[in-house]
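Here is the note on this chain that was asked for. Please read each point with the model open beside it.

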Amino acid sequence: MKKKIIVIDATGANTFGAKYNIKSLLIYFIKNYKNHKLIIYSSEPFLSEYDTNDIYIKNISALKNLYLRLVWTTILLPVFSFFNKAEVVYSPFDIGPFFSLGNKIVLGIKNPNYVLPQNLVTLRYPKIHKVVSYISSFSAKKYLYPSNYAFNYVGKFYPKNNLKGGFVHHGIDLSDWTIKYDFLSSHKYIFFCSVLYKFKNIEVLFKALKIINEKIEGKKLHLIICGKFVSEQYRKEINN
C-alpha cells in the first residue's frame, strides 16, 4: 500500500515552545500514523534525530531570514508539496501557502499580536503579519487554534471561521518530564514556564495569585516562573 504524504512547514519554529510543539506532533505521528510519510522543512537543525525512511527532515538555514521564509511559505512550499505528492500541508505558524495545487492546507493560527492593544504588541510588523495571514486563510481547508478563546477572539478576523475553524490544546506529555533533584517543601507551588512576551500578560497571574492567597488560611501558594524575557524593558517593568 502506497503511503500518504504529509508536509509540515516548521521553518517558523524558533522558540522553545514552537520547537516542543513540532516535536510533540512528530512523536505522535511516529506512534499513530504507520501508513503515512512525513516531510518536515525547518530553518534550525532541531529534528535531525528523527530523520528516517518515513520521516524526511530538510533543514534550510537560509529560511531564518524572515523575508526568504515569507516567499518560501506562501509561494514555494505549495509547489514543492505538489511535486512531492503531499496530501496535506500543515503550516502551524499563522502564515501558509497563498494557493493550493491539489493538497489540503491546514493553517495553524497562534500569534495574537495583530489583535492586541498597541502596548502589548511584540511583532515588528503586526499589520503586515495580519494581511499575509488573512490571505493565507483563503487557500486553507482548516484553521487550528490553541484554545477556544483564540478560536472566538482571533478567529473573528478570518473568513468562514465557524466552518473552517477548530481548536486543539497544546498541553504537555508528563512522561517527558522527570524530577532531577529532590525538592522537598511543605508549600504548594504554581509553576509557570514560557518565553516571557509582554502579550502573555503574566501580570494577571500575579494579581490572581494575590486574590487567591488573601482567601487562603494558613500557608499560601508560591509562584515559580521559568522563562526568558524577550524584552529588557518588559523585565524591568515586571521587576518594578
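The numbered points below go from the whole chain to single residues.

1. Basis. This is a predicted model, in which local features need pLDDT of at least 70 and side-chain atom pairs count only at pLDDT 80 or more, while totals for chains, interfaces and linings use all residues. Residues are numbered from 1 along each chain as its sequence is written, and side-chain values use heavy atoms, with hydrogens and water left out.

2. Overall figures. The chain holds seven helices and nine strands; these are DSSP runs numbered from the N terminus, helices being H or I with at least four residues and strands being E with at least two. Its C-alpha atoms fill a box of roughly 65 × 40 × 35 Å along the principal axes. Of the 240 residues, 37% count as buried. Buried means under 20% relative accessible area, exposed means over 50%, and partly exposed is in between (1.4 Å probe, protein chains only).

3. Contacts along the chain. A contact means heavy atoms within 4.5 Å. Taking the contacts with a separation of 6 or more, 57% join residues 24 or more positions apart.

4. Seven strands form an open sheet with parallel pairing, in the order 3-2-1-4-5-6-7. Strand 3 and strand 7 (165-167) are the edge strands, each pairing on one side only. Two strands pair if DSSP finds at least two bridges between them. On average, neighbouring strands of this sheet are turned by 20° against each other, direction ignored. Axes here are lines fitted to C-alpha atoms, for helices over the stretch in contact, and angles run from 0 to 180 degrees between N-to-C directions.

5. Two pairs within the sheet. Strand 1 and strand 2 pair in the parallel sense over seven bridges, and Ile6 stands opposite Leu38 in strand 2. Strand 5 and strand 6 are also paired in the parallel sense, over three bridges; Leu107 stands opposite Tyr143 in strand 6. Strand 2 is largely enclosed by the rest of the structure, because six of its seven residues are buried.

6. Helix 1. This helix covers residues 16-32, which is 17 residues, and reaches 24 Å from its first C-alpha to its last, close to the 24 Å expected at 1.5 Å a residue. The expected span is 1.5 Å times one less than the number of residues. Its buried residues are Ala18, Tyr20, Asn21, Ile22, Leu26 and Phe29. What covers them includes strand 1 (4-10), strand 2 (36-42) and strand 3 (55-59). Helix 1 packs on the sheet, touching strand 1, strand 2, strand 3 and strand 4, and its direction makes about 165° with that of strand 2.

7. Nonpolar cores. A nonpolar core is a set of buried Ala, Val, Leu, Ile, Met, Phe, Trp, Tyr and Cys residues joined through side-chain atoms within 4.5 Å. The largest has 21 residues, and those with the most contacts inside it are Val7, Ile109, Tyr143, Tyr145, Val154 and Tyr158. Strand 1, strand 2, helix 2 (66-83), strand 5 (104-108), strand 6 (142-145) and helix 4 (148-153) each supply at least two residues of this core. Apart from it lies another core, of 18 residues, among them Ile40, Phe46, Tyr50 and Ile55. Beyond its neighbours within four places in sequence, Tyr143 is in contact with residues including Leu107, Ile109, Tyr158 and Lys160.

8. Most residues other than glycine have a negative phi. Lys85 lies in the loop between helix 2 and strand 4 (88-91) and is exposed, with a relative accessible area of 61%. Lys160 also has a positive phi, near 55°; its place is in the loop between helix 4 and helix 5 (161-164), and at 60% relative accessibility Lys160 counts as exposed.

9. Two further residues. Is Ser194 buried or exposed? Ser194 counts as buried, because its relative accessibility is 13%. Its place is in the loop between strand 8 (188-193) and helix 6 (203-215), and, not counting residues up to four places away in sequence, Ser194 touches Lys200, Cys226, Gly227 and Lys228. Tyr149, in helix 4, counts as exposed at 61% relative accessibility.
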